[in-house]
Amino acid sequence: MKLTVWTYEGPPHVGAMRVATAMKGLHYVLHAPQGDTYADLLFTMIERRNHRPPVTYTTFQARDLGSDTATLFKQSCQEAVDRFDPRAIIVGASCTAELIQDDPAGLAETMGLSIPVIPLELPSYQRKENFGADETFYQIVKHLARPQDRSARVTCNILGPTALGFRHRDDVEEITGLLSDLGIDVNVVAPLGATPADIALLPAAHFNVLLSPETGESAARWLEKTHSQPFTKIVPIGVGATRDFIAEVATITGLPCKPDESRLRMPWWSRSVDSTYLTGKRVFIFGDGTHVAAHARIARDEMGFEVVGIGCYNREMARPIRALAKEYGVEALISDDYLEVEQTIEALSPEMILGTQMERHIGKRLGIPCAVISAPVHVQDYPARYSPQVGFEGANVIFDTLIHPLVMGLEEHLLTMFRDDFEFHDDAGPSHHGGKAKAKVEEVVDDTPQHSGDNIIWLGDAEKELKKIPFFVRGKARRNTETYAAQMGLNQISLDTLYEAKAHYAR
Amino acid sequence: MNVPMPPANGGCRSAPVLKERGQREVFCGLTGIIWLHRKMQDAFFLVVGSRTCAHLLQSAAGVMIFAEPRFGTAILEESDLAGLADAHEELDREVARLLERRPDIRQLFLVGSCPSEVIKIDLSRAAERLSQVHAPHVRVLNYSGSGIETTFTQGEDACLASMVPVLKDTADRELLIVGALPDVVEDQMMGLLADLGIGPVRLLPARRIDDTTAVGPNTVFALTQPFLGDTHAALERRGARHIAAPFPFGDEGTTAWLRAIATEFGVNEATFEAVTAAPRARARKAIAQASEALRGKSVFFFPDSQLEIPLARFLTRECGMTAVEVGSPYIHDALHGPDLDLLPAGPQISEGQDVDKQLERARAARPDLTVCGLGLANPLEAEGLSTKWAIELVFTPVHFYEQAGDLAGLFSRPLHRKSVLQLEAAE
């Protein structure tokens with residue numbers, strides 16, 4: 001038993017949902033109690049998907065436990081197949097269903113369905129979300145991939161992008177363009193956008209690009225072993241890693257692989273003088289192993305930061321991250337304990353955090369700027385704009401991402417110069433961020449005496465009530481009430497006046 | 001005067017109810033922790049559950065505002081499943097560690113989950129044992145928020161019901177108000193009751209453990225939330241008597257709710273008028289403004305929080321909407337009856353859910369506004385239906401007069417937004 005406040009990863013069946021939701025023509029029948037449907041909103045709200053995830057939950061209740069949950073599973077499974085007409089289904093159990101041992105896989109197999117039924121064994125009390133996605137994708141590939149001849153042209157598959165992945169949508173587009181530039185066609189992208197029929201075609205490719213090791217490595221290894229497809233080991237995040245990736249592809253394919261670097265702006269942006277102020281900024285890097293490794297290199301070699309600590313939450317990547325930490329002369333933090341990560345950051349007191357949505361909260365609490373570089377992320381990290389992480393455009397995007405939370409070079413200089421100015425005080429924060437500076441102004445308003453400018457007096461009750469309104473709308477409420485009082489010719493604001501005004505402005 | 005008129009075509013109390021069971025697109029009762037831990041500021045909620053429970057709590061509300069919130073999950077691991085004796089020892093250890101780090105905690109709720117219920121970890125025994133260990137500083141109680149037993153807001157019901165047996169005894173005639181409300185709303189309510197001359201008024205849940213909530217045979221109680229069926233039963237077992245009334249949403253609901261209490265306490269008509277006239281007029285004015293966009297429009301409720309029936313009553317009677325279907329996870333006549341009496345006949349009343357079948361009905365009806373959970377909202381918007389996320393109705397201050405306009409505003413906002421966006425290609 002382990003006390004957890006926040007988690008970096010969901011349970012493994014959420015990983016399976018990420019694969020199912022990424023694909024087309026695949027349905028997931030999940031033996032699960034009421035409430036597990038919460039996971040749908042990860043996709044519909046955080047990622048803004050306009051379809052429900054293709055998941056049918058059996059929704060068993062306490063009263064079913066004494067009777068027949070197995071029949072309930074079979075019913076749900078049959079209804080899902082009839083209603084959604086999938087080309088293949090995956091079946092499995094969430095944490096609670098695992099305990100009642102109904103064996104969804106065995107049950108589904110006895111149903112005589114005419115489509116492939118892929119059973120999932122995802123141990124909920126040992127493993128987590130990334131494992132669930134990786135294992136699910138592996139099982140799908142193992143069940144559906146068919147031996148066949150290689151394509152005439154040099155082609156590759158792109159493996160690993162899922163639903164709810166960090167910038168996977170744009171990474172697929174960017175890397176497809178890069179490969180096309182190198183004269184390589186993409187055979188299949190999977191799981192994102194793939195149908196079960198596409199999965200069957202995977203062995204036609206000459207090699208695999210492993211875009212996301214967290215969610216695609218088992219499948220890549222199996223394809224290497226079973227279908228002799230080599231896979232790339234370098235994830236092309238950052239300028240150096242992208243160039244190394246291109247060299248790796250050249251070695252695998254024997255093609256010359258001369259990329260077009262005309263759109264790569266990051267090296268100049270980093271060399272230009274405004275970036276002087278980035279030099280030696282002390283950064284702490286935390287996230288999934290793949291993104292942390294990539295960002296350690298970017299931070300030190302391409303941004304000129306000083307890396308004061310790195311770590312990852314997925315134990316599967318503990319070994320490479322420990323080795324990397326040694327190379328950087330820092331301690332590796334391998335932990336999914338949010339409070340431990342917070343303590344580490346507090347102790348190291350970096351000037352910036354490159355982390356996940358969780359570290360953004362830590363940064364907010366400790367007053368340290370944070371750029372989000374890895375899942376788990378929140379709705380604001382699914383941008384409408386094209387915003388890849390991989391390849392040359394990815395390098396440009398990352399430069400912007402990393403400097404955005406910071407005060408710009410020239411601005412930092414001015415802030416030091418005008419340190420004593422009330423608007424330029426140290427706590428004012430970067431000029432392109434509204435939040436913090438505004439909060440300060442609000443506090444100043446709070447401290448003013450109860451007389452407002454127009455000689456309107458706030459009575460005790462009304463003033464007390466006003467303080468209960470959240471600070472970020474309190475200023476507006478105060479102004480509206482005073483305007484209203486002035487219009488009404490009142491010189492005192494009572495509790496009733498406050499609410500009269502509220503009703504007056506209600507919309 | 002001011003007694004709500006039953007609808008001319010009859011209400012919905014005796015209307016046939018469509019009962020369905022199948023896939024339910026709802027939260028489990030653990031979700032209630034998100035507002036309960038803010039309300040009870042000296043309480044900690046420890047879920048004994050799985051990674052799924054922890055993931056739900058942080059995903060459902062996106063509440064990662066606090067570095068260390070007053071809730072957490074003791075995640076069961078493989079070793080805990082092997083032997084139950086171990087699980088209790090582990091729990092004792094985690095609780096001791098937690099209370100040592102958080103000396104401000106005065107009440108600890110052990111919250112059961114689906115896995116803890118299935119493997120039958122006896123949390124009531126654990127609560128008793130831990131209460132003895134940590135008394136008198138900390139009181140340890142337990143309830144279940146599991147999805148196999150509770151739907152969304154039933155978690156608050158289970159929590160409050162678990163507190164009833166340990167409330168102090170009283171022989172005094174007191175009014176007990178039951179249901180967690182935002183502080184600002186609770187203060188308004190207390191102000192209204194004080195102005196009516198009603199007292200003493202006690203609250204469940206109280207903001208802190210030391211507050212003086214008590215119960216006894218002379219206690220009368222009113223519910224502010226329509227999902228407190230078990231708490232209602234537990235209070236009756238302690239001898240308290242329920243004041244049945246429509247729920248205090250909108251001008252009419254708030255007035256009817258206050259009137260039921262005023263009548264119980266013999267408040268005269270003149271006083272009632274004097275206290276309620278001004279806020280009622282404000283509520284009406286605010287509703288009139290905020291509901292302009294709602295008049296003549298149809299609404300379809302998916303089951304979510306059990307607030308559906310009182311809200312449908314508000315929208316149909318005070319905002320001029322027509323209800324197509326009003327779905328509720330559970331319908332409890334003693335609680336929902338007064339609202340059903342006032343809800344004009346016509347809508348399909350449904351209880352429980354088979355989500356795919358209900359979606360088919362919504363698509364066929366094409367309501368102007370669909371009230372549903374977060375998992376369904378964007379998919380329905382993509383199909384051209386306007387939606388209101390049901391969870392906002394639970395998290396936002398919406399009770400009583402001064403919030404009546406805001407409540408109407410929550411429903412009109414999606415329609416208003418649809419009318420202002422000009423995103424289609426120019427002809």
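**View 1. V299(B) stands opposite A323(B), which belongs to strand 13 of chain B.** This is a predicted model, in which local features need pLDDT of at least 70 and side-chain atom pairs count only at pLDDT 80 or more, whereas totals for chains, interfaces and linings use all residues. Residues are numbered from 1 along each chain as its sequence is written, and chains are lettered from A and ligands numbered from 1 in the order in which they are written. Strand 12 (residues 298-301) and strand 13 (residues 322-328) of chain B pair in the parallel sense over 4 bridges; two strands pair if DSSP finds at least two bridges between them. Helices (H or I, at least four residues) and strands (E, at least two) are DSSP runs, numbered from the N terminus.

**View 2. An open sheet of 6 strands in chain B, with parallel pairing, has the order 1-14-13-12-15-16.** Its edge strands, strand 1 (17-21) and strand 16 (387-389) of chain B, each pair on one side only. Neighbouring strands of this sheet are turned by 20 degrees against each other on average, direction ignored. Helix 12 (residues 308-318) of chain B lies across strand 12 and strand 13 of chain B and runs at about 170 degrees to strand 13, while helix 15 (residues 374-382) of chain B lies across strand 15 (369-372) and strand 16 of chain B, at about 160 degrees to strand 16. Axes are lines fitted to C-alpha atoms, for helices over the stretch in contact, and angles run from 0 to 180 degrees between N-to-C directions.

**View 3. Helix 11 (residues 269-290) and helix 17 (residues 404-420) of chain B have axes that come within 7 Å and cross at roughly 10 degrees.** The crossing angle makes helix 11 of chain B roughly parallel to helix 17 of chain B, a term for angles under 35 degrees. Helix 11 of chain B contributes A283(B), A286(B), I287(B), Q289(B) and A290(B) to the contact, and helix 17 of chain B contributes A404(B), G405(B), A408(B), G409(B) and S412(B); residues are in contact if their C-beta atoms, placed from the backbone, lie within 7 Å.

**View 4. Where chain A meets chain B, 55 residues of chain A are in contact with 60 residues of chain B.** Several elements of chain A each supply at least two residues of the side that touches chain B, among them strand 1 (2-4), helix 2 (40-46) and helix 22 (495-505). Strand 1 of chain A is joined by 3 bridges to strand 3 (residues 71-75) of chain B, and the two run antiparallel. Within this pairing, the bridge partner of L3(A) in strand 3 of chain B is A74(B).

Technical notes: Two residues are in contact if their C-beta atoms, placed from the backbone, lie within 7 Å. Angles under 35 degrees count as roughly parallel, over 145 as roughly antiparallel, 65 to 115 as roughly perpendicular and the rest as oblique.
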